Amino acid sequence: MHLACILPEVILTLAGVLIMLVDPLLPRTASRKPTGWFSVLAMVAAFAASAWQLHLAPGTAYYGVVQTDAFSVFFHLLICGTVLVALLAAIDSVRPEAHDMGEFFALILLGTVGMLLMTSAVELLLVFIGLEISSISTYILAGFRRRSGKSIEASIKYFLLGSFATAFFLYGIALTFGATGTTRIAAIAAALPHTTTPILAWTAVGLILIGLGFKVSAAPFHVWTPDVYEGAPSPVVALMSTAPKAAAFAVLLRIFYGAYPSIQQHWWSLFWVLAAVSMTLGNLAALRQQSVKRMLAYSSIAHAGYLLVAFTSFSLQGIAAASFYALCYVAMNVGIFAVISHVGGYDDHLWSITDYRGLAYRSPVLCGAMAFFLLSLIGIPFTGGFFAKFYVFSAALQQGMFGLAIIGLINSGIAAFYYLRLLTALYSKPAQGSPVLAVPRMSITLGLAILLSASATLLLGVVPRSSLDLAQRGAGTLFQTGHPAQAAVQVVNDAPSQ
Amino acid sequence: MHLWPLAVYLVIVVMLVVAMLGLSFVLGQRHHNRATGTPYESGILSQGSARVRLSAKFYLVAMFFVIFDLEAVFIFAWAIAVRETGWTGYAEAMGFIAVLLATLVYLWRVGALDWRQGSRRVVA
Amino acid sequence: MVVPIAYYLVLSAILFSIGVAAFLIKRNIITVFMSIELMLNAVNLTFVAFAHQWHQVSGQIFVFFVMVVAAAEAAVGLAIIIAIFRARNTLNVDQVNLMKL
């Protein structure tokens, strides 16, 4: 049954369209909270549908355009769970009486459809459409605080650089099509070793990496990240710093391991450079930030760098480590932004690290959650962040990437400085004479959001086995399809000696 | 080479243009009156600047046209393959059109299609 | 006379590069946005040329989708541009700088 393969997407599409239809019928002054609850419900249903897909036999549907396998299910669960937390955090932190909130939730649902499609697509056309669905809805969400100049500015910067990146990604697809005559990922892998114009494929790899590098905000394609995170509303940042990035990483894995394994010797060094530059630049720039959101933006660039380390090890462990890292990263990041969206307020009136001084005395529970997420971002044991880094670096070491592993470890040390700076601010007495701004009471939905992300981060740090197993199964489906091309690696390597 | 007719044609075109412009230059009269430099030499006075700010309403209508117009491409593509795709294709095309209709209903309900001043619920 | 595919590829590469250069140099947001459209059209040309070379219709179909998505992107982009003009009364990228880049 074809529909079973895209069931989560279908559920979310129907729910999103329904909200768009019902929302204008509600009276102008009516609360839009029910649409928020409805979207939470739809997201739970999509999560359940994804989990159910695990019991389906892996296979393709709709003429081989989408593929349901352990890899796609892993990222489906990851994305649905993250968006669920982001939705819960958004319901109360944005003004529920505002009449455009229906659109807000509908855009989140429809954007999630795009992200889900990205992870299950095995045809580059569908990857492109999924990428655009998710990007276009995030462009709008970034500018949702229309009255604020900063929000609109974030929106336009995100839009211009995002479309710029899309053009590069598309050009890469076009050149791949030129080299192989197809846009199916499996067919590309089969045709690539016999191509008469390998130069097209090499250029395509570079262009696709530039395009997706923008989407995952890897340095040197990161320039938009700090501004967009600072300007966009925090509940939206909780969403867009996590789920679309995870989807873009899934696409990177799917394309590079699924379609281009035979020219692996041409692209792994690109990933090496990208990973090293992202880690170093992200961490060094984060050291001198005053704004909490900007600091976390640079930290997310650094985390993209750690994740890219896993790409350089051309192995099953590497893919599994990358997927697992993505899972831990979204769990802690969505959590910390949920806290920030509450503490900072919808209009970001508390933004700098000094504003967060003494949060422990005003709101100990929120502060404890934030401290826990910060510890996980550092990579302290018993948090998801620890195992994530551990697996990534051990995958890199297994393949003999000593240089990169050392750069990564040094960077983890640097990163501890700025996380600890925020952490000590949280627990130090507020400065004398500075106005103490009250933090409003935490709502139940926000508490639930923080509880979900905190327990996910904790579980990943204590019993990572089951999620790691699923990540490994997913990696297996990806590497298995790469097997014919594995043989091709030998062919390409032998070619010059003939 | 079979390009010589083209060359002859080009030469004739250039000659014709030169002749027309040259003859009117030689034979035509020249005058310089008060109204010669104005946009309408017939005497109508132009009002205001040409750089008028147009209402964003025009942008909305243009955008709706472009989007709905382009979506029609997929319906055309289905139309030429309607027999091959069968009932599955029919169902999917209907789903596609249903989503388009839902969009139209949404636009209508939020007042984006309303042309009167001040009656819209959303400001673009 | 058949035009070799290399001509198409060179032309589209030139168009794409002009788009990239204009994106980086131009200061008006609308012009910057137009340069992105130029890049997308360069990609479309590449697709059509390769579709012709491979005798595959899938390249042409890709162009359809690129066009539709570009229209959706244009709608959203122009709406954001209108919003920024209302907030700031300028369309110069150098003056859209509340946050340092």
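These legends walk through a few close-up views of a predicted model. Residues count from 1 along each chain as its sequence is written, and chains are lettered from A in the order in which they are written. Because the model is predicted, local features need pLDDT of at least 70 and side-chain atom pairs count only at pLDDT 80 or more, while totals for chains, interfaces and linings use all residues.

**View 1. Chain C is built from three helices and zero strands.** Read from the N terminus, its elements go α-α-α; helices (H or I, at least four residues) and strands (E, at least two) are DSSP runs, numbered from the N terminus. The radius of gyration of chain C is 17 Å, well over the 13 Å that the globule rule gives for 101 residues, so chain C is more spread out than a compact globule. That radius is taken over C-alpha atoms, and the globule rule is 2.2 Å times the number of residues to the power 0.38. Along the principal axes, the C-alpha atoms of chain C fill a box of roughly 55 × 25 × 25 Å.

**View 2. Here is where chain A meets chain C.** On this interface, 30 residues of chain A are in contact with 34 residues of chain C (in contact: C-beta atoms, placed from the backbone, within 7 Å). H6, helix H7 (149-180) and helix H10 (224-231) of chain A each give two or more residues to the chain A side. H7(A) supplies the largest share of that side, 16 residues. By class, the chain A side has 16 nonpolar, eight polar and six charged residues. Ala, Val, Leu, Ile, Met, Phe, Trp, Tyr, Cys and Pro count as nonpolar, Asp, Glu, Lys and Arg as charged, and the others, Gly among them, as polar.

**View 3. Zoom in on helix H6 (residues 124-142) of chain A beside helix H3 (residues 58-88) of chain C.** Their axes come within 11 Å and cross at roughly 5 degrees, which means H6(A) is roughly parallel to H3(C) (angles under 35 degrees count as roughly parallel). Axes here are lines fitted to C-alpha atoms over the stretch in contact, with angles from 0 to 180 degrees between N-to-C directions. H6(A) brings residues including Leu125(A), Ile129(A) and Tyr139(A) to the contact, and H3(C) brings Phe62(C), Phe65(C) and Val69(C), among others. The residues of this contact divide into eleven nonpolar, no polar and two charged.

**View 4. Chain B touches chain A too.** Seven residues from chain B and six residues from chain A take part in the contact. The chain B side has five nonpolar, no polar and two charged residues.

Definitions and conventions. Contact = placed C-beta atoms within 7 Å. Parallel < 35°, antiparallel > 145°, perpendicular 65-115°, else oblique.
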